[in-house]
Amino acid sequence: MAFIEPNPIQATNKADGNGTITIVKLLTPEELDGKCDMYAKVIIPPLCSIGVHEHHGNTETYHILSGTALYNDNGKEVTIGAGSTTFCPDGEKHGIANLSKTEDLVFMALIIKK
């Protein structure tokens, strides 16, 4: 069994979103074995966001752990919270914003190659 050290990175204005978010990559490219681009915990501070972006050659799933988000699914916006799971297929668009003024939005993100 291997214990993997988390690899947090900061991203500012991700996909033309607002503010600086933290992406904690939980697996390295070696562990992902060429099948996935990313498995990470994402932390979006209050009133920050990941802008709407389109996926090419991969899909992305978010699973909300805590907080409340405004999720954009190809232009349709819906409010989601802890326990919600979203899926963005290859060739489609999505984005996510933290609606809270005081609480971080925390979710798991999985990008699978097509």
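K35 forms a salt bridge with D33, with 2.5 Å between the closest N and O atoms. The model is a predicted one, and the count of salt bridges in it comes to two.

**Salt bridges**
- In the bridge between K35 and D33, both residues are exposed.
- A salt bridge also joins the side chains of D37 and K113, at 3.7 Å from N to O.
- D37 belongs to strand 3 (residues 36-44) and K113 to strand 10 (residues 105-113), so this pair ties together parts that lie 76 residues apart in sequence.
- D37 counts as partly exposed because its relative accessibility is 39%.
- K113 has a relative accessibility of 37%, so K113 also counts as partly exposed.

**Negative surface patch**
- A patch of negative charge on the surface is made up of E54, D73, D90 and E92.
- Of these residues, D73 sits in strand 6 (residues 68-73).
- D73 counts as partly exposed because its relative accessibility is 32%.

**The surroundings of T59**
- T59 is part of strand 5 (residues 58-66).
- The relative accessible area of T59 is 6%, so T59 is buried.
- Apart from neighbours within four places in sequence, T59 is in contact with F87, C88, P89, D90, L110, I111, I112 and K114.
- D90, one of the residues in contact with T59, is also a member of the negative patch.

Notes. Residues numbered from 1 in each chain as written. Predicted model: local features only at pLDDT ≥ 70, side-chain atom pairs only at ≥ 80, totals over all residues. Heavy atoms only, no water. Patch = residues over 30% accessible without salt bridge, like charges linked within 9 Å, V, L, I, M, F, W, Y side chains within 5 Å. Areas by Shrake-Rupley, 256 points an atom, 1.4 Å probe, with all protein chains shown as cover. Salt bridge = Lys/Arg side-chain N within 4 Å of Asp/Glu carboxyl O. Lys, Arg positive; Asp, Glu negative; His and termini not counted. Charge placed at Lys NZ, Arg CZ, Asp CG, Glu CD. Helix = DSSP H or I, 4+ residues; strand = E, 2+ residues; numbered from the N terminus. Buried < 20%, exposed > 50% of the residue type's maximum accessible area, 1.4 Å probe, protein only. Contact = heavy atoms within 4.5 Å.
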